[in-house]
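Hi everyone, thanks for making time. Let me put the structure up and then walk you through a few things in it.

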Amino acid sequence: MGRFSWRRTDPHMLAGAYALDALDSADRARFERHLSGCPACRQETRGLREASALLAATSVTTPPDGLRDRVLAAAAHTRQNQPASSPPRPAWPRRRWGIAAACGVLAVALAFGGIAYNAQHQLHQMQARSHAIAAVLGAPDATMMTGRAASGTGRATVVMSHRARALVFTTAALPAPPSAHRYELWLMGPSGSRPVGMLPAAHGGTTPPMIVTGLRAGDQVAVTVEPASGSRQPTMPMIVTVALPS
Amino acid sequence: MTDNPSWSPDDRGHGRRAAPGQPGDDLGSLLTLVARGDDAAFAAVYTRVSGHVFGIARSVLRDPAHAEEVAQEVLLQIWRDAVRFDPSRGSAMAWVVMLAHRRAVDRVRAEQAATTREQRVAHPEVSYDVVAETVQARLDAERVRRCLGSLTQLQQESITLAYYRGCTYREVAVLLDVPVGTVKTRMRDGLIRLRDCLGVE
């Protein structure tokens with residue numbers, strides 16, 4: 001899609017995505033070129049931008065105490081841009097960020113999962129599942145955690161919402177389980193282990209996301225290798241675990 | 001500088017005023033003063049917008065330490081670029097929020113490296129209370145929630161995933177398993193409905 005469909009589709013339709021910053025940088029640049037020659041679009045975009053800006057009202061959060069002093073002190077030493085000058089935007093500081101894009105990671109996992117599930121004509125279940133997953137990812141308190149496999153190969157990613165009392169689980173780059181065996185997902189808590197289900201087969205190295213509900217305090221999620229029919233109790237060792245924030 | 005009536009209703013709703021009833025008490029006028037190097041005005045702008053800026057960064061980036069860094073960059077950008085705020089293109093708060101949201105989503109998209117559990121432990125999740133600075137801000141949030149609730153499920157999910165999570169419309173299409181064209185339309189329809197419900201022009 002993208003490049004080829006761009007000219008054929010009505011750029012107006014992208015006004016909403018633009019106002020939500022939901023265009024990637026190439027699409028954004030194209031839309032802005034279109035805007036510069038379309039007063040009606042500028043008018044509409046302006047109204048939609050005002051609406052999207054009000055979405056920020058629901059996430060107002062008091063910043064940590066030290067921020068005010070740091071910002072005011074930095075401003076005192078920072079030269080302001082003048083109207084005529086238009087220096088290029090400063091490059092992002094070259095530092096490594098530990099956090100991954102929850103959306104990017106899960107979109108990739110879902111792309112593989114979605115194709116596989118649709119092929120099985122489980123469209124309705126798939127859509128219900130997508131909505132459940134979207135509810136967790138979109139929850140205001142969604143938090144992402146990653147656990148590395150004990151072997152060093154592969155990892156598991158969890159996006160959890162306390163409010164939704166659910167999490168979304170996916171893995172990447174785990175080695176294939178031994179023949180006649182599969183990976184099984186568990187919730188392990190202070191009062192024992194509860195089986196969640198067998199992990200679906202990986203596509204392109206990524207397992208389709210599973211939605212996990214019924215979380216209890218002190219739970220962690222864990223994956224073990226079990227006979228293909230599943231087990232009632234996990235067989236050690238655990239392949240990968242992710243502790244959940246309480 | 002005179003208020004453009006189309007943006008003052010929005011502006012009125014955000015945060016506390018520096019000097020109620022006095023010239024310079026609205027955010028747009030404060031930015032004009034900031035553009036002239038007025039550091040007291042900048043401190044007032046900080047009070048008005050820091051909760052919005054930090055809240056957006058926290059929502060999109062998820063990590064309080066990273067959110068704080070992005071918030072600091074955005075707040076300094078407001079100081080540096082106050083002169084670029086153009087009231088004919090929208091309200092002052094919409095400009096500030098756009099700077100914050102863009103920087104947060106650009107950052108989260110640029111960073112595709114995997115998070116490790118160790119790093120999560122190094123930056124433990126701190127639970128910041130969501131404290132609306134004023135009664136007005138709380139009312140705004142309530143109004144937005146009510147209006148969001150009036151959208152269809154697909155409109156609501158598309159807007160929520162894009163705005164609060166920084167997803168592109170293509171990613172939203174994958175997440176919700178609907179065609180990209182549908183997501184584009186739902187984002188636009190949904191925002192138009194939201195705009196009308198919220199009474200912004």
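**A helix, a core and a chain**

Let's start where α8(B) ends: the helix is followed by G166(B), whose phi is positive, near 75°. Helices here are DSSP runs of H or I with at least four residues, strands are E runs of at least two, and both are numbered from the N terminus.

Before going on, some housekeeping: this is a predicted model, where local features need pLDDT of at least 70, side-chain atom pairs count only at pLDDT 80 or more, and totals for chains, interfaces and linings use all residues. Residues are numbered from 1 along each chain as its sequence is written, while chains are lettered from A and ligands numbered from 1 in the order in which they are written.

Back to α8(B), residues 153-165: at 1.5 Å a residue, its 13 residues should span 18 Å, and the end C-alpha atoms are 17 Å apart, which agrees. The expected span is 1.5 Å times one less than the number of residues.

Is this helix mostly covered or mostly open? Mostly covered: 11 of the 13 residues of α8(B) are buried, among them L154(B), I159(B) and R165(B). Buried means 20 or more other C-beta atoms within 10 Å of the residue's own, with C-beta atoms placed from the backbone.

Now the largest nonpolar core, which has 110 residues, with V45(B) and A57(B) making the most contacts inside it. Helix α3 of chain B, residues 39-61, gives the most to this core, with 12 residues. Such a core is a set of buried Ala, Val, Leu, Ile, Met, Phe, Trp, Tyr and Cys residues joined through C-beta atoms within 7 Å.

Finally, chain A has seven helices and eight strands, and buried residues make up 40% of its 246 residues.

Notes
Buried ≥ 20, exposed ≤ 12 C-beta atoms within 10 Å, placed from the backbone.
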